Amino acid sequence: MLVIVTRPASAGQRLTERLVEQGHRAWWWPVFDIGAAPDAQRARTTLARLADYDLAIFVSANAVRAAQPLLIGAWPSGTMMGAVGASTRAALEADLKPASSSV
């Protein structure tokens, strides 16, 4: 069996290496790159409206790290944070420092 790893950057490379070390055939074939928002001003404007929403869901720790410098002011108290997975939650807690009831 061949495992094709589509995760980008070093996370994908590390996973591929671990699979190979465990005796699997694996190829690292990242399907996208993670980078800065293509339009930082539009991202800032969108994030400035977070108080209009009940919930903002982050899909990865990388998404948290990308959003953090674009946020202006404190996280709105009425907007909950959603995290897909433990590492995303840890990034939210470390980088955005929400109130404990927000994540």
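## Leu71 and its contacts

Leu71 touches Leu47, Leu50 and Leu96, not counting residues up to four places away in sequence, where contact means heavy atoms within 4.5 Å. Leu71 itself lies in the loop between helix 3 (61-67) and strand 4 (80-83); helices (H or I, at least four residues) and strands (E, at least two) are DSSP runs, numbered from the N terminus. Although Leu71 and Leu47 stand 24 residues apart in sequence, their C-alpha atoms are 6.2 Å apart in space.

This is a predicted model, in which local features need pLDDT of at least 70 and side-chain atom pairs count only at pLDDT 80 or more, whereas totals for chains, interfaces and linings use all residues. Residues are numbered from 1 along each chain as its sequence is written, and side-chain values use heavy atoms, with hydrogens and water left out.

## Strand 3, helix 3 and strand 4

Strand 3 (residues 55-58) and strand 4 pair in the parallel sense over four bridges, two strands being counted as paired if DSSP finds at least two bridges between them. Together with helix 3, these strands make a right-handed β-α-β unit, a crossover being right-handed if, with the strands pointing away from the viewer, the path from the first strand over the helix to the second runs clockwise.

In a regular strand the side chains alternate between the two faces of the sheet. In strand 3, Ala56 and Phe58 form a covered face, while Leu55 and Ile57 form an uncovered one. Ile57, whose bridge partner in strand 4 is Gly82, is exposed at a relative accessible area of 55%; buried means under 20% relative accessible area, exposed over 50%, and partly exposed in between (1.4 Å probe, protein chains only).

Leu55, Ile57, Val59, Met80 and Val84 make a nonpolar surface patch of about 470 Å². Patches are made of residues with over 30% relative accessible area and no salt bridge, with like charges joined within 9 Å and nonpolar side chains (Val, Leu, Ile, Met, Phe, Trp, Tyr) within 5 Å; the accessible areas come from the Shrake-Rupley method with a 1.4 Å probe, and for residues only the protein chains shown count as cover.

## Salt bridges

Side chains of opposite charge can pair when their charged atoms come close. The structure holds two salt bridges, each defined as a side-chain nitrogen of Lys or Arg within 4 Å of a carboxyl oxygen of Asp or Glu. One joins the side chains of Asp52 and Arg49, at 3.2 Å from N to O; Asp52 is exposed, with a relative accessible area of 53%, whereas Arg49 counts as partly exposed at 43%.

The side chains of Arg89 and Glu93 also meet in a salt bridge, at 2.9 Å from N to O. Arg89 and Glu93 are separated by about one helical turn, because they are four residues apart in helix 4 (residues 86-96). Arg89 is partly exposed at 38% relative accessibility, and Glu93 is likewise partly exposed, at 39%.

## Two residues of helix 1

Thr16 has its place in helix 1 (residues 9-21) and is buried, with a relative accessible area of 9%. Leaving aside residues up to four places away in sequence, Thr16 touches Val5, Ala26, Trp27 and Trp28.

Ala9 is also placed in helix 1, where this residue counts as partly exposed at 46% relative accessibility. Although Ala9 is not a glycine, its phi is positive, at about 55°.
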